[in-house]
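Me: I'm new to reading structures, so please take a close look at one part of this one with me. I'd like to follow how its pieces pair and pack.

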Amino acid sequence: MRISHIHSVYLIGLATLILSGCGTPPLRSGQTLLSNPFAQKPIGETIKEEQKSIAVTNIFYRKEGANLKYVEEISNKYDSSGVPPSTPIDLRESEKQPSEPKTIDNSDVFAESQSSAFPIKFTNPADFKPSDYPGIQKELEARLGKTSPESASNTAVNIASQQTKKSGFETKAEYGQLRTFSAAIRGLLIKAGYKVVQANPAVPTSSQGDDFFHVVERIKAGEFNSADYVMFGVLGEMSFTDNSETIVGTKSTSQQIGLDLIVDFSLIDTKTYQVVASFLAEGSGKEIRIDGRGNAFKPSMAKLMKQASTNLAEDVAKHLADQNFVTSKIAEPEIGRNYKRKPYDDDASTLKIYTK
Amino acid sequence: MKLNHQKTSTYIFSVLAALSLAACSGPQVRYGDAKGVETISVDYGSTDLQSIAEAMARSLLQSKVISGSKDAPTVTVADVKNKTSEYIDTRVITDKIRTQLLKSGQVRFAVNINEMQSQVDELKRQNQSGLYKNSTVSKTGNMQGAKYRIEGSISSIIKQNKNIKDVFYIFNLNLINNESGLIEWADEKEIRKTATR
């Protein structure tokens, strides 16, 4: 009888343990029963907890420029005994046509190309007169061994000449980094409690191509000092504006000088090369001068750049918070208290003097 | 007997002197009730001004736009057109409405177009004279734009014959959302005044 009582106590205890193991753990405060996908912990929080580091690059840019080019070529063929095979004569190296005072570029942009969209051919030999081209005249004289134009005209020579004119735009690209606009972003991440490491500056080569923006290659090359994340920014557009407007209801005008930039940011995990966050951030600096145009006001570029940089960092913070990378605390500006005042409940028509 | 006659003449003289002094002193001045009903003529008067302003302010404060707003919305006063044949200073009406709304604490007002010159001059003085400490300067470019504007009109219909003159005033006011262009609130106040001989 005594044994069965001990057995029953033992069984009850065992059953309680099994039941407690199967049961759901008690909910903590703030925890919901259903898993909320939007209630995930921000990645930034995880980074903070694990003491991971972020490298913020300077803002990379590619600046394109286009120049109008005009190239003119002429080549001649001589069909005469004892005359060497034809070699093209480039007008760029000789003299220009006297009747067409056009600029001829000395660059070799189109020089290697023999085809042209609009080649001009002298099909009628009467159209071409060597005397019109002193350079050709000289070369003819040298090759034929003649000294005077008269003697040259007496020689039986078949000349085929081809003149080519080409025009178009030559684009040139310049690669580099803007160093002024990243400091505020680094400061923002430091303020948020993250470990920010310095990235090595990227130096473009003389024949730099678009591989300048190949951030994965840079990560592999170890340019970010073994940072866990790289914040990589490429300048989309940067513009400087200067506008003047009249202020309605006044005799004054308002001159608005602005510096605006758009930067394409990507936050990349250096281990997996996964893009953790990606967005287009905007920064703008503005200086307003009342009646500034009339007084020939000159804006301070330093002030505009500082404003644009701070504004860009604020926008970056907002996007990082939107994409769950940082907590929204650093992204949200301070909200002023509700304005609602206590309405006056007494009659204001009588003068009252309040003393402390 | 002679003494009595002398007393009487002195009395008459002093009464006459007092009357002549009173005649020289001009019209009598007294304070009246500013909110008292004025019925001197059928023309637009102080009672009309007060009743219009009070009705409009009360109606506006009861509107959903104002009473249902989380924060005190920013409003500016635009034009109130006078379409009557009388001279009516409509700014007095809007100023009175604005005062009553501001006293309620439920609305904030941005400076209107008539007050812009002084606002611009002040900003220019503070920002561009170089005389002020930078941290205390009210910076250019931080003025708050009004979310709503108030505009309206006052019109009248006058009819009269030999013995009767009837004037009908209608004052209407609209609250317009500056961004969307939607008229969020509108109300009107009608006043009829009749004068008989």
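Reply: Let's start with one pair of residues: B:Val75 has B:Phe109, in strand S2 of chain B, as its bridge partner. Keep in mind that this is a predicted model, where local features need pLDDT of at least 70, side-chain atom pairs count only at pLDDT 80 or more, and totals for chains, interfaces and linings use all residues. As for labels, residues are numbered from 1 along each chain as its sequence is written, while chains are lettered from A and ligands numbered from 1 in the order in which they are written.

Now widen the view to strand S1 (residues 74-82) of chain B, which pairs with S2(B) in the parallel sense, over two bridges (strands pair if DSSP finds at least two bridges between them; helices, H or I of at least four residues, and strands, E of at least two, are DSSP runs numbered from the N terminus).

These strands belong to an open sheet of five in chain B, ordered S2-S1-S3-S4-S5 with mixed pairing. At its edges stand S2 (108-109) and S5 (183-196) of chain B; each has a single partner strand, so one side of each is left without a neighbour in the sheet.

Next come the helices. Helix H2 (residues 46-62) of chain B lies across S4 (164-177) and S5 of chain B, at about 155 degrees to S5(B) (angles run from 0 to 180 degrees between N-to-C directions, with axes fitted to C-alpha atoms, for helices over the stretch in contact). Helix H4 (residues 90-104) of chain B also packs on the sheet, where H4(B) touches S1, S2 and S3 (148-160) of chain B (contact puts C-beta atoms, placed from the backbone, within 7 Å). The direction of H4(B) makes about 155 degrees with that of S1(B).

Technical notes
Two residues are in contact if their C-beta atoms, placed from the backbone, lie within 7 Å.
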